[in-house]
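Hi everyone, thanks for coming.

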Amino acid sequence: MNEPDVDTLLRGARLPQRPDEYWDEFPSRVIRRLQAEKRGATRPRPWRLGVSLAAAAACGLVVGFVIWHRRPAPGGIQDALRDGRVLRELQAQYPGRLRAIIQDEKGMHTQLSDLADVAASDPVWLEIRDGSDDRVVVTFSGQLVRFGSRDVMVLSDLGGQVMLVGDGFFWSHQVSTGLARTLQIRAEQIPSAQNQRKPAPPF
Amino acid sequence: MKTRSCVFSVVLAGLLAGSCSASEGVTVSVFDFQADGNFEAFFGTENAGKSAASLLTYDLSDLAPLSAKDRGPVQEGFDFDVPIAPAEAERMGRALGATSLVNGRLLRAGTSIVIAARVVSAETGRTYGTMVRGDPSTPIADLISQLSIQIGKITLVQNGVNSVSWGPADIVGTCKPGSLLSHDEVACVMDIDGRAIPDEVKNWSQKQQLQPGLHEIFIRYYDGTSTAGHSFIINASPGASYEVRYERQPNSNPVLWIQDRLSQQPVTKMANASVGGGPHIIKNIDEGPFGWFSGQYLGSGPPVVPPAK
């Protein structure tokens, strides 16, 4: 069919014949249908909501139980950073030179000293969340960590408590100052190889 | 302010010269602390870091078997914001004759005061941290005393020495009971490091705890008609017990001092305290070595001895 034929066909077409009542009721019929669709979309039937919530709670409990009781996955990089396996590997590879291991959006990378001049202090695990930026840093007591535009000293005490100290900046589990509102910090001392970390209770 | 800071430095320098001799074993060298601007503004001083280091050195020297060393010329090269290499720590330790090196930072965190310290082994470079925290009513002398004990424990661990417990000292007043015609004569502690003792005359026999180390104690004498006072600097030894003593001849000022209860020997000079009948402004605390620390606790001004009734 060529273009003039299509044009002739369209020009000859007519609207389907409807009774006048149809057009009179058309607007209210459309409004009723839209209202019904809206109710259906936003307010599920009560029994469906209950079943969904119960299923979600059950799944949550199962996942929580699994996370609580799981053993560190041999290949899980986060666990390997946190329990010191990565640290020990890299320390063996670069004795006295490893300052920090950093896991961020670019992947995992290390900070190495040119010389073997890094003291063998207690290792520390840090998780730093700043908005969407999430970093894990494994370093040692007495080393510096970059926080935005400033360097902050990482220190751990005899009891394994970690503190971060800088110019106008302090963070510990008990008290903090100078932190941006979006900044969230978690820190703990990495246990020695003989004293592996036990799973913490979920609450 | 400068005058007070100078007095502080002079008093501590004198005390340090007299007591901080080096001995074999665990020796700590304390470097100047760094004070954040808001901390110094809060206390109205420019030398808080230096003063805290001096006070800490003195307190550490009192914690046997530790000894504290004067830093001498080796002040540079141990910046708090720079990690120290083991070889550098060893070099500095050798130069100072110290087994541990200490520095730190003073900060204000909200309503808290935080003093954080870094303790580095001069033999291995192994580094620990520790901190103390107080609210604005906590005497700085107590915070630094507490910090010295924590640093002491770290240095003992770093040097493989068994842990030692350093308990607090205490101090009480003295009272000579009066007769039907005369009032009791009381010499008591009125104020410790800017912290006033409530109803000090009535509570003269109540033991006041002192953390080991330097403290400024204001002593009050009262006999029902006249009152006098004097400020003393005392070096409280761990576990020691002290008492306030006085002596007064007829028609003369009372002589006040503090002595060790065990040895019955004075641990301060014997000070002639002038008697005042009316409200007596005590300038000693505000002008004393802790004045710039304690001043902020005293509200609108120095303490006032209540007038004799």
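**Where the two chains meet**

Let's begin at the contact, which takes 29 residues from chain B and 28 residues from chain A; contact here means heavy atoms within 4.5 Å. Before going further, please keep in mind that this is a predicted model, where local features need pLDDT of at least 70, side-chain atom pairs count only at pLDDT 80 or more, and totals for chains, interfaces and linings use all residues. Residues are numbered from 1 along each chain as its sequence is written, chains are lettered from A and ligands numbered from 1 in the order in which they are written, and side-chain values use heavy atoms, with hydrogens and water left out.

The size of an interface is often given as the accessible area lost when the parts come together. Between chain B and chain A, the buried area is about 2000 Å², with carbon and sulfur atoms giving 68%. That is the accessible area (1.4 Å probe) that two parts lose on being put together, summed over both.

How many salt bridges are there between chain B and chain A? The count is 2, a salt bridge being a side-chain nitrogen of Lys or Arg within 4 Å of a carboxyl oxygen of Asp or Glu. In one of them, the side chains of R126(B) and D122(A) meet at 2.7 Å, N to O.

Which elements of chain B give two or more residues to the side that touches chain A? They are β4 (100-109), β5 (112-121), β6 (127-134) and α5 (140-158), and β6(B) gives the most, with 6 residues. Helices (H or I, at least four residues) and strands (E, at least two) are DSSP runs, numbered from the N terminus.

Now for chain B as a whole. Its secondary structure comes to 7 helices and 18 strands. Of its 309 residues, 54% are buried, where buried means under 20% relative accessible area, exposed over 50%, and partly exposed in between (1.4 Å probe, protein chains only).

Let me finish with one residue, L56(B), which you'll find in helix α3 (residues 48-61) of chain B. Is L56(B) buried or exposed? L56(B) is buried, with a relative accessible area of 0%. Leaving out residues up to four places away in sequence, L56(B) touches V30(B), F33(B), V102(B), I144(B), L147(B), S148(B) and I151(B).
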